[in-house]
There are 2 protein chains.
Amino acid sequence: MDSQNRQWRLVRRPEGLLRVEDVELTPGDEDRRPLQPGQVRVRNLLFLYAPTMRNWMSARSDSLHEIIPLGSPVKTLAAGRIVESLDPRYPVGSRITAMSCWSEYDIIDTVSAPQIIADGISAVEALGPFGLNSLTAYFGLMRIGRPCPGDVLVVSGAAGSTGSVAAQIGRIQGCRVIGIAGGAEKCAWLRDQCRLDDVIDYRSQDVSSALRALCPTGVDIFFDNVGGDVLQAAVDNMAKFGRIVLCGQIAGYNDQDVIPAFTNMMRVIYGSVRLQGFLFGDYKSAVPEALADIIPWIRSGAIVARQDIRVGFENLPLHFNALFDGTNQGTLLGLIDEDAHALH
Amino acid sequence: MDSQNRQWRLVRRPEGLLRVEDVELTPGDEDRRPLQPGQVRVRNLLFLYAPTMRNWMSARSDSLHEIIPLGSPVKTLAAGRIVESLDPRYPVGSRITAMSCWSEYDIIDTVSAPQIIADGISAVEALGPFGLNSLTAYFGLMRIGRPCPGDVLVVSGAAGSTGSVAAQIGRIQGCRVIGIAGGAEKCAWLRDQCRLDDVIDYRSQDVSSALRALCPTGVDIFFDNVGGDVLQAAVDNMAKFGRIVLCGQIAGYNDQDVIPAFTNMMRVIYGSVRLQGFLFGDYKSAVPEALADIIPWIRSGAIVARQDIRVGFENLPLHFNALFDGTNQGTLLGLIDEDAHALH
């Protein structure tokens, strides 16, 4: 039987935004290559778009992160259904989330600990509100930001998938929460639906002076998804003993040149400010504990989350840049086709 | 009785290095102005030169630190003898260290909690090896760097008053310690007297490639007194879960322009690196605990410390720039006159 599998391979390292010519739709044998013990075959249904994927496409020499080799498929977190299994812990028919590829079929080594999606949870929920971005928000805010009631929490990229959850967890923890986002629609959503205390529209306002006006006692926690000028504005307004949660630096992901982080390091010293980077993976063992908080928050409406589902396996690369141009509304997901929708 | 007191006032904000014309030797009435309850009069004997004083002389609008008003005396930490007291806890004849001025006599509010120098400890010891810089090194390394045996510790400004102590405490804690300093003499002292594992001479070596060669598994703790290019080199070489102790940024203190902190923030994120500023004052209540470690370390020779004592009250401003041009050897102290030496 000939292979029917299709996958998107990275054939050129992007300069700036990802272009269609940087990837190529090619056949792959993951639908028929024999499995080894400890492997499962999945039919992928839904893909998470994550900004960090853009970094994996680059090849900076000093990077600590994964680099996709040229000619290999683009990697991402995906939800799929197991169609064949050589690991009894992962039965055929069950659904998992796993690091996979932009590939219709994939072979997953179960040593990588793919997560089985529990009954009653949809694939959209598993990759969306209960997924990587929400967990990242949770660990970043709770473990690194360490919110106290009354703290002033500022979140950049606040209308994004991670930012909106971080902001709302902060509200639940008793912080006064200020979101930074781009455009009136996002700001209204943050104010009205997510119930933040204040919102700064970076497209129409100067972030630094807005922060100064809104936070006369300074910023206690800055949860940063953006970096660049927004990080600078926060550094300049941090309170004594402030914490900066370095979650992402999306402002720089498409730059070829290294961009300066920020100036004014003396404020960090005199303010006894802590800046801390982290990855979701640092807290993997604490996922059940986090979900025990997150699932009820989402189901009760204490946290609102929205998903932006784009359809069509052949369109996967087209929608990637929505992460960077601000046009996505909530967690950006790629659904393999309309028919697959019923499976979630 | 006419006032005999002399003091150095800041009359112009320095541009770059402090110049003689930025300060003025003027009379002051601190030797005869009547005391209020809770005040003591001191005859200052010895002054600590600290890089942070340079920042106090500037007036950046967003600063969290003290700013010396134009026309006011230059502030510093000083050791002096109490010559008159309206606080029974501070008897006449006892010696204290206190925030004071470049002033022969000064009036100290005891609410600021000046420290009485215990019998058997000289004023040079009180401002030197048992003083502010050693305590800063201790708290920065132990509380923020949190060394573990086997950690790779890199210290910039390693031959300085703070850096040399931080490096040696790291050695005592079981770290592999690499010092960065300028010039063969300092590097030899660090290697031979302070017994560091490796030394990088930033004047003759490229710090980043030297770090890469010396630390193939990355830097676990970077104790930074310098900032600028040296901080950049460290960021580029941090190990996963590395800690950067932001103690000082001496490279930038004399700059008018704000200098970039560093680039490559993504390494901080992917490396789960923590950068943390701090001040000695954050840990004031823990000073006795710190001295219980530091005093025996110094007295046993486990930590070597050296002092660079400059003489003459009228010469105080002349020696200040030795902090920045690399000519000082150890803790830079200003002794009021040769005769006062006997008092320490």
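Student: Which residues have the most contacts inside the largest nonpolar core?

Tutor: Happy to start there, keeping in mind that this is a predicted model. The largest nonpolar core has 102 residues. Those with the most contacts inside this core come from chains A and B: W102(A), F222(A), W102(B) and F222(B).

Student: How many residues does the second, separate core have?

Tutor: This second core is separate, and it includes I121(B), A158(B), C175(B) and W297(B). Its number of residues is 51.

Student: How many residues of the contact of α3(A) with α9(A) are nonpolar?

Tutor: On the α3(A) side are S134(A), L135(A), Y138(A), F139(A) and R143(A). They meet residues of α9(A), among them V287(A), L291(A), I294(A) and W297(A). Besides 1 polar and 3 charged residues, the contact has a nonpolar group, and its number is 8.

Student: Is R41(A) buried or exposed?

Tutor: R41(A) sits in strand β3, residues 39-48 of chain A. Among the residues R41(A) touches are E30(A), D31(A), R81(A), E84(A) and D106(A). Buried means under 20% relative accessible area. The value for R41(A) is 4%, so this residue is buried.

Student: Which residue has its backbone oxygen 2.8 Å from a polar atom of the side chain of R41(A)?

Tutor: R41(A) touches R32(A), R33(A) and P34(A), among others. The backbone oxygen lying 2.8 Å from a polar atom of the R41(A) side chain belongs to R33(A).

How values were computed. Residues numbered from 1 in each chain as written. Chains lettered and ligands numbered in written order. Predicted model: local features only at pLDDT ≥ 70, side-chain atom pairs only at ≥ 80, totals over all residues. Heavy atoms only, no water. Contact = heavy atoms within 4.5 Å. Helix = DSSP H or I, 4+ residues; strand = E, 2+ residues; numbered from the N terminus. Nonpolar A, V, L, I, M, F, W, Y, C, P; charged D, E, K, R; others polar. Core = buried A, V, L, I, M, F, W, Y, C linked by side-chain atoms within 4.5 Å. Buried < 20%, exposed > 50% of the residue type's maximum accessible area, 1.4 Å probe, protein only. Polar contact = N/O pair within 3.5 Å; in protein donor to acceptor, adjacent residues only side chain to side chain. Lists of a residue's contacts leave out its neighbours within four places in sequence.
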